[in-house]
Amino acid sequence: MTQPQDNTEITNVKAMGPYLVSENPPHYLSAVGLADIPEMVRILNIDKEIYNGTASFQYPYLESHARARIERAIGYHTSRGVNTHWAMRTSPQGPIMGWIHAYFHETVEHEVSPRTNAPLKVADIGYWVSPEYVGKGYAARSARYVVQEILFKEFDCDVAKGEAYAVNTASRKILQSSGMKCEFESRMSFIPKFQQEREICGYVAYRDSEVEEFVTKAAK
């Protein structure tokens, strides 16, 4: 199937954006597209910070890597009618300067939401931001907006989660700024690209106190 060359050709897909996250500084979220490939490749080759701080991004980062990742994102939202991969931008159609996504867990039939009597909707978020924009709040604002405005309000999600390397205090603060609290402080996880285990910590946010109480009791 031929993939669209940019987001202008995609219609009838939920959550494409652009979303205005902040007016000052200007900060938007909109769906990633193939036009983002050159800038994405440039950013991910500035240094190894994103490589070292994530579980899946390669270094050096090739055009083929970016194309495969973005085509997967496009394939997901064209097949399901909902977008879950957004570029951080300083204008609605400006160049990508960061990335944030949400992945939904497979539903477990016995884990029923107390709100809907349907299987719990649980999503994980992940993100990166260009070294040129680190420390300016773009990742934190994006994480909070995706969790609180898109996942909970637009997607009617019950639970949002995120993970970070235990030593990555910056990433941990971003998850906390989204409204999440620590779910587990230490767990060892094998990271294929490093061919070794790394210590990770997990964070979670609940849509409301009813969901939190239900999930917490079910986990005991």
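G162 has its bridge partner, Y203, in strand β8. The strands concerned are β6 (residues 159-165) and β8 (residues 196-206), which pair in the antiparallel sense over seven bridges. Two strands count as paired if DSSP finds at least two bridges between them. Strands (E, at least two residues) and helices (H or I, at least four) are DSSP runs, numbered from the N terminus.

The model is predicted: local features need pLDDT of at least 70, side-chain atom pairs count only at pLDDT 80 or more, and totals for chains, interfaces and linings use all residues. Residues are numbered from 1 along each chain as its sequence is written, and side-chain values use heavy atoms, with hydrogens and water left out.

Now the whole sheet. Eight strands form an open sheet with mixed pairing, in the order β1-β2-β3-β4-β5-β6-β8-β7. Its edge strands are β1 (19-22) and β7 (181-191), each of which pairs on one side only. Neighbouring strands are turned by 30 degrees against each other on average, direction ignored. Axes here are lines fitted to C-alpha atoms, for helices over the stretch in contact, and angles run from 0 to 180 degrees between N-to-C directions. In general, strands of a sheet pair through backbone hydrogen bonds, either parallel or antiparallel.

Helix α6 (residues 209-219) lies across β6, β7 and β8. It runs at about 135 degrees to β8. Contact means heavy atoms within 4.5 Å.

Turn to the β1 end. A hairpin joins β1 to β2 through four residues. The two strands run antiparallel and are joined by three bridges. L20 has Y28 as its bridge partner in β2. Strand β2 (residues 27-31) is mostly covered, with four of its five residues buried. Buried means under 20% relative accessible area, exposed over 50%, and partly exposed in between (1.4 Å probe, protein chains only). On to strand β3 (residues 85-89): β2 pairs with β3 in the antiparallel sense over four bridges. There S30 stands opposite A87.

Next, the segment before β1. K14 lies in this segment. At 37% relative accessibility, K14 counts as partly exposed. K14 touches G81, V82, N83, E154 and F155, not counting residues up to four places away in sequence. F184 is 170 residues from K14 in sequence and 32 Å away in space, C-alpha to C-alpha. P18 is found in the segment before β1 too. The peptide bond from G17 to P18 is cis, with omega near 5 degrees.

Another cis bond runs from Y59 to P60, with omega near -5 degrees. P60 sits in the loop between α2 (49-53) and α3.

Helix α3 (residues 63-80) meets helix α1 (residues 37-44). Their axes come within 9 Å and cross at roughly 125 degrees. The pair is therefore oblique. Angles under 35 degrees count as roughly parallel, over 145 as roughly antiparallel, 65 to 115 as roughly perpendicular and the rest as oblique. I37, M40 and V41 in α1 meet E63, A66, R67, R69 and I70 in α3. By class, this contact has five nonpolar, no polar and three charged residues. Ala, Val, Leu, Ile, Met, Phe, Trp, Tyr, Cys and Pro count as nonpolar, Asp, Glu, Lys and Arg as charged, and the others, Gly among them, as polar.

Two loop residues remain. N117 lies between β4 (98-104) and β5 (122-129). Its phi is near 60 degrees, a positive value in a residue other than glycine. N117 is exposed, with a relative accessible area of 66%. D156 lies in the loop between α4 (138-154) and β6. Phi of D156 is near 55 degrees, a positive value in a residue other than glycine. At 30% relative accessibility, D156 counts as partly exposed.
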